[in-house]
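I set out below what I looked up, entry by entry. The structure comes before the entries.

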Amino acid sequence: MKTMKVLLEDHEIPRQWYNIQADLPTPLRPPLHPATGKPVGPEDLAPIFPMNLIEQEVSSERWIDIPEEVLEKYLIWRPTPLCRARNFEKLLDAPVKIYYKMEGNSPAGSHKPNTAIPQAYYNKVAGVKHLSTETGAGQWGSALSMACQMFGLGCRVFMVKVSYEQKPYRRMMMNVWGAECIPSPSNLTEAGRNVLAEHPDSPGSLGIAISEAIEDAVSHPNAKYSLGSVLNHVMLHQTIIGLEAQKQMEKIGVYPDVVMGCAGGGSNFAGISLPYVRDKIHGKEVKIVGAEPTSCPTLTRGPFAYDFGDLAKMTPLLPMYTLGHDYVPAPIHAGGLRYHGMAPIVSHLVKENLVEARAYHQLDTFEAGVMWARSEGFIPAPETDHVIAAVVDEARRAKEEGKEKVILFNWSGHGMVDLASYDAYLTGKLIPYELPDEEIARALRAIEGFPKP
Amino acid sequence: MIEKNAYGSMEIRCPKLGHELTFAYCCREAGDLPCARIIRCWESFFPVESFLRETLDAGIWDAFCRQATPDKMTTLLDLIEKAKARRRADRT
């Protein structure tokens with residue numbers, strides 16, 4: 001019988017997270033505060049995060065102990081299996097061995113609890129009684145709700161009202177886990193009340209929800225805010241994924257040629273890849289690939305530069321892969337992609353040529369996701385489809401090159417609460433799009449004179 | 001003359017929220033203004049730019065062209081400052 005899964009015993013779970021900042025060839029540049037132009041310091045973040053998490057945010061210690069209380073919770077579903085996708089391999093008919101970390105088997109269905117649990121724990125030991133956050137479809141909100149319940153914290157999730165009404169299942173999950181899930185805008189905050197005064201029937205937005213969550217945290221004693229992506233401590237907590245994978249692959253005497261993850265907000269990609277980036281820094285031959293959508297081509301098409309976060313140039317100059325702060329889609333100077341910064345750690349690694357980014361059309365990602373579901377059974381989250389498309393691409397490259405490859409990727413979440421997205425794909429509602437080169441060249445002229453990191 | 005609700009019921013997967021939404025939502029995502037991503041998200045489906053130019057008031061169109069959506073860290077810092085200022089105002 002062929003092996004399909006590599007498991008770790010509970011006692012084999014890694015006891016430390018890995019902090020890439022200790023091994024970076026050049027240090028990560030801090031974001032600059034919009035008001036002062038100076039690097040953001042711990043005191044700037046103290047109103048919304050406890051000091052123990054801020055210390056992790058700025059730490060350069062290579063290994064950070066995972067508290068026993070966090071390990072006990074991780075053990076509910078961790079270590080996650082390292083699986084071999086033999087059926088998918090057969091379908092691709094390429095000289096590749098495909099391994100994936102099954103992160104969709106967490107109680108919340110994704111990798112998000114890997115950081116939700118330690119964040120709840122560190123807030124608890126810092127004396128915090130209550131956490132606030134915002135959520136769209138609810139993946140992060142549900143993970144944090146579960147984590148807060150585990151550590152006896154109150155949890156208030158401001159869920160964008162249109163999501164609250166259209167995506168009830170994760171809201172129900174939050175309620176089951178004892179969190180207060182509030183449709184945003186709400187009457188609980190001044191930010192919400194202001195919106196409702198002007199637009200009583202507002203369907204809400206992520207921007208309004210984050211305003212409410214932060215106001216809620218800052219306005220209440222013993223309350224803090226929690227974020228599930230972008231920040232360094234979030235990436236740190238997610239390294240449990242790659243650290244487990246290293247142990248599992250060592251058990252079967254295999255080392256990956258390619259490590260891949262979806263690079264949306266950065267956390268699941270960082271989770272699988274950072275321990276391998278360490279290996280690469282120390283001379284190991286491994287290719288590390290982040291997959292992103294073509295509708296967000298920051299890593300693949302933009303240079304690494306200091307840039308403003310907005311057109312008004314009021315925001316900090318952040319070192320990031322950027323298409324320029326006035327980047328707007330053709331053919332006019334309006335709207336378009338404004339979340340043009342990647343998680344700083346991931347941006348930095350691309351700049352250092354330690355990580356490669358590839359972009360995939362939306363249609364290709366869903367096609368890959370459906371191929372996966374029809375061969376391996378599990379239905380991936382739409383975000384996970386991006387890395388599966390990258391795996392398909394890598395397998396085709398291997399076939400063309402006639403080269404055998406071992407691929408490892410992060411299967412970051414299941415799509416059982418996202419079936420409407422598959423329905424949209426299967427009924428032909430989704431259309432591919434790729435930004436023209438001339439449009440990118442035009443956008444980049446806006447940052448020609450800016451300092452280069 | 002384009003009818004204002006011509007595309008209102010069309011659906012798309014919203015990359016910000018992670019689920020399907022109608023064009024009508026995108027047109028009011030930012031309060032009085034359309035979502036900053038509306039053209040990028042919809043231009044493959046229909047001529048959304050000319051639709052907006054024709055159906056939005058000139059002032060709304062202008063404000064839409066100038067609106068900004070910063071990255072997450074910037075948003076956090078900005079909102080912290082606003083929340084602190086609000087607390088100070090409440091105390092006085």
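**Entry 1: the chain as a whole.** I noted at the outset that this is a predicted model. I then counted the elements of chain A and found 19 helices and 15 strands. Of its 453 residues, 57% count as buried. I also looked at contacts in chain A between residues at least 6 apart in sequence, and 74% of these join residues at least 24 apart.

**Entry 2: helix H13 of chain A.** I asked what span the 15 residues of H13(A), residues 267–281, should have. I next searched H13(A) for a bend and found a kink of about 45° at A:Ser273, shortly before the proline A:Pro275. The helix is mostly covered, with 13 of its 15 residues buried. After H13(A) comes A:Gly283, and I recorded its positive phi, near 105°.

**Entry 3: helices H16 and H17 of chain A.** I took up H16(A), residues 362–376, together with H17(A), residues 382–401. Their axes come within 7 Å and cross at roughly 85°. On the H16(A) side, the residues in contact include A:Phe366, A:Ala368 and A:Trp372. On the H17(A) side, I listed among them A:Pro382, A:Ile388 and A:Val392. By class, this contact has 7 nonpolar, 3 polar and 2 charged residues.

**Entry 4: helices H9 and H10 of chain A.** Here I looked up H9(A), residues 190–198, and H10(A), residues 206–219. The axes of the two come within 8 Å, and the crossing angle is roughly 140°. A:Glu190, A:Ala191, A:Gly192 and A:Val195 of H9(A) meet A:Ile208, A:Ser211, A:Glu212 and A:Glu215 of H10(A). I sorted the residues of this contact into 3 nonpolar, 2 polar and 3 charged.

**Entry 5: a loop residue.** Where does A:Glu352 lie? I placed A:Glu352 in the loop between helix H15 (344–351) and strand S14 (356–360) of chain A. I counted 15 C-beta neighbours inside 10 Å, so A:Glu352 is partly exposed. Setting aside its neighbours within four places in sequence, I found A:Glu352 in contact with A:Pro25 and A:Thr26. Finally, I compared A:Glu352 with A:Ser375: the two are 23 residues apart in sequence and 37 Å apart in space, C-alpha to C-alpha.

Technical notes: Residues numbered from 1 in each chain as written. Chains lettered and ligands numbered in written order. Predicted model: local features only at pLDDT ≥ 70, side-chain atom pairs only at ≥ 80, totals over all residues. Axes fitted to C-alpha atoms, helices over the stretch in contact; angles between N-to-C directions. Helix = DSSP H or I, 4+ residues; strand = E, 2+ residues; numbered from the N terminus. Contact = placed C-beta atoms within 7 Å. Nonpolar A, V, L, I, M, F, W, Y, C, P; charged D, E, K, R; others polar. Expected span 1.5 Å × (residues − 1). Bend = angle between axes of the 7 residues up to and from the residue. Buried ≥ 20, exposed ≤ 12 C-beta atoms within 10 Å, placed from the backbone.
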